[in-house]
Amino acid sequence: TLAEVAAEKAGILKPGVPVVVGPMDAAAFETIAGIARRVGAPIIDAAAGVTVDAIARRDAWSPTRIRLRTPARDYGEVAIALRGRHQIDNAIVAVRTLEAIDAAGVPAPAAAVVSGLATVSWPGRLDVRTRPDGREILLDAAHNPDGATALARFLREAGATGRPLVFAAMADKDTRGMLQALANTIGLLVLTRASNRRSADPAALAELAREIAPELAIIVRPDPREAVDAAWAAARAIVVAGAIFLLG
């Protein structure tokens, strides 16, 4: 359960050391808060007292721009290099963490925070690569339903629906939830196997996908390179997602 996962994560909490907590399920938050109280770790609710104003941007591919003010600082206009609406919440957690570090005596000046948000790179997270011949590949480690939902939302916002998707997932993941989230945003599903023994059988994934989206075109290519080639054969802009091992 989410509460059990939160309890494992909270095992790192230390007496007197602040814990910055971002938006999450209520049960998970209560678990972390209870452990923090027990060990004597001050809780910082990342969103508390924070004001975020979105700034219009050219398109979904360009950096997200916001005006950001926290209880400690007014950062003014800030660019977030990582794509996706969910990265705003992640950026706030990072900023509040850096402010806590600064307050503890390790300098993290505002200018450094703003620069870091604008230049951060995270391979495999809504990561767009353009090949020399102009072909485009979007890599995203959407390895659970929440991640798949975020990817689907981004594709819709970016006007990039209908692309072929090369997909693999670990057998112990909620593959049904992932495919349900993505099925309506893609034009072709190419199922493959990641370089890990836990990877789900692509033929079994195909059966599941046909149940979820009977009208969707589906190809099975167990070898990842052949899967990508099949996607390239269908379009010049493709998506690869579903398992971090696949992106590797």
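Reader: In what order do the six strands of the open sheet with mixed pairing stand?

Author: In this predicted model, six strands make up an open sheet whose pairing is mixed. The edge strands are β6 and β10 (217–220), each of which pairs on one side only. The twist from one strand to the next averages 20°. Read across the sheet, the order is β6-β7-β11-β8-β9-β10.

Reader: Which residue of β11 stands opposite E136?

Author: Strand β7 (residues 136–140) pairs with β11 in the parallel sense, over five bridges. Strand β11 itself covers residues 237–241, and four of its five residues are buried. The residue of β11 opposite E136 is A237.

Reader: Which residue of β11 is the bridge partner of V166?

Author: Strands β8 and β11 run parallel and are joined by three bridges. V166 belongs to this pairing, and its bridge partner in β11 is V240.

Reader: How many bridges join β8 to β9?

Author: Strand β8 (residues 163–167) and β9 run parallel. One of the pairs across them links F167 with L191 of β9. Strand β9 (residues 186–191) is mostly covered, with five of its six residues buried. The number of bridges joining β8 to β9 is five.

Reader: Which residue of β10 stands opposite L188?

Author: Strands β9 and β10 also pair in the parallel sense, over four bridges. Within that pairing, the residue of β10 opposite L188 is A217.

Reader: At about what angle does helix α7 run to β10?

Author: Two helices may be considered together here. Helix α6 (residues 175–182) lies across β8 and β9 and runs at about 170° to β8. Helix α7 (residues 202–212) packs on the sheet and touches β8, β9 and β10. The direction of helix α7 makes an angle with that of β10 of about 170°.

Reader: Is A227 buried or exposed?

Author: A227 lies in helix α8 (residues 224–234). Leaving out residues up to four places away in sequence, A227 touches V166, V190, T192 and R221. The C-alpha atoms of A227 and G159, which are 68 residues apart along the chain, are separated by 24 Å. Because its relative accessibility is 0%, under the 20% limit, A227 counts as buried.

Reader: Which residue of β5 is the bridge partner of T64?

Author: Strand β4 (residues 64–69) and β5 run antiparallel and are joined by six bridges. In β5, the bridge partner of T64 is I80.

Reader: With which residues is M24 in contact, leaving aside neighbours within four places in sequence?

Author: M24 is found in the loop between β1 (19–21) and α2 (26–39). M24 is partly exposed, as its relative accessible area is 37%. The C-alpha atoms of M24 and A6, 18 residues apart along the chain, are separated by 9.9 Å. With those neighbours left aside, the contacts of M24 are F29 and I32.

Reader: What percentage of the residues of the protein count as buried?

Author: The secondary structure of the protein comes to nine helices and 11 strands. The protein exposes about 12,800 Å², of which carbon and sulfur atoms supply 53%. Of its 248 residues, the share that count as buried is 42%.

Notes
Residues are numbered from 1 along each chain as its sequence is written. This is a predicted model: local features need pLDDT of at least 70, side-chain atom pairs count only at pLDDT 80 or more; totals for chains, interfaces and linings use all residues. Side-chain values use heavy atoms; hydrogens and water are left out. Two strands pair if DSSP finds at least two bridges between them. Buried means under 20% relative accessible area, exposed over 50%, partly exposed in between (1.4 Å probe, protein chains only). Accessible areas come from the Shrake-Rupley method with a 1.4 Å probe; for residues, only the protein chains shown count as cover. Contact means heavy atoms within 4.5 Å. Axes are lines fitted to C-alpha atoms, for helices over the stretch in contact, and angles run from 0 to 180 degrees between N-to-C directions.
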